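Dear colleague,

Please find the structure below, with its sequence. I would be grateful if you would read the notes that follow alongside it.

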Amino acid sequence: MTTLAVFVDVQNIYYTCKQGFGRSFNYRALYKRLSAQGNISHAIAYAIAPADDGQVKFQDALKHIGFTVKTKPYIQRSDGSAKGDWDVGITIDMLEIAPAVDEVILLSGDGDFDLLLKKINQTTTCYTHVISVERLTAKSLTDQCQQFTAIDSTLLI
């Protein structure tokens, strides 16, 4: 059976699903679909530290589904801008895990991950797969993955 590792850029998926469909992403449907395709050895959701009960409940639900939830604080800068970026953490984890699995699945449309997928393709035999909102996904990212799956109504709540 194929061994899978799933990496979710929670902020990216939240905002692109809201912008693209006005709906939320269905993590349970994703996990069920991927479980039918292989053995999920790692399922990691990268999120912002919860600031309210709704976020706590959401992250608890992710854990119940089978995800490990990694959080970091939301940074409010003095200029009023904010940052809650997990790109480096996702990159480190994917580079460490990719050699040990058959397929890495990245849920993000962020073009910053194109070099990561290129490196995994060059240095491992691991299959690279991106799942995201098609019209909000960087072309550079889809050019680097071996498979792209567009989020559609079957993966929305």
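This is a predicted model: local features need pLDDT of at least 70, side-chain atom pairs count only at pLDDT 80 or more; totals for chains, interfaces and linings use all residues.

Residues are numbered from 1 along each chain as its sequence is written, and side-chain values use heavy atoms, with hydrogens and water left out.

Nonpolar cores

A nonpolar core is here a set of buried Ala, Val, Leu, Ile, Met, Phe, Trp, Tyr and Cys residues joined through side-chain atoms within 4.5 Å; buried means under 20% relative accessible area, exposed over 50%, and partly exposed in between (1.4 Å probe, protein chains only). The largest such core has 26 residues, and Val6 and Phe67 touch the most other members. At least two residues of this core come from each of strand S1 (3-9), helix H1 (10-21), helix H2 (27-37), strand S2 (39-48), helix H3 (53-65) and strand S6 (103-107). Helices (H or I, at least four residues) and strands (E, at least two) are DSSP runs, numbered from the N terminus.

Beyond its neighbours within four places in sequence, Val6 is in contact (heavy atoms within 4.5 Å) with Leu30, Leu34, Ile40, His42, Ala43, Ile44, Phe67, Ile105 and Leu107. Another core, of 20 residues, lies apart from the largest one and includes Phe7, Ile90, Ala98 and Leu141.

Helix packing

Axes are lines fitted to C-alpha atoms, for helices over the stretch in contact, and angles run from 0 to 180 degrees between N-to-C directions. The axes of H2 and H3 come within 10 Å and cross at roughly 15°, which makes H2 roughly parallel to H3 (angles under 35 degrees). Tyr27, Arg28 and Tyr31 of H2 make the contact with Phe58, Leu62, His64 and Ile65 of H3.

Helix H4 (residues 87-97) and helix H5 (residues 114-123) pack at about 10°, with their axes 11 Å apart; H4 and H5 are therefore also roughly parallel to each other. Here Thr91, Met94 and Leu95 in H4 meet Leu116, Leu117, Lys119 and Ile120 in H5.

An exposed alanine

Ala36 lies in helix H2 and is exposed, with a relative accessible area of 66%. Its C-alpha atom is separated by 34 Å from that of Ala51, 15 residues apart along the chain.

With kind regards

Conventions: Angles under 35 degrees count as roughly parallel, over 145 as roughly antiparallel, 65 to 115 as roughly perpendicular and the rest as oblique.
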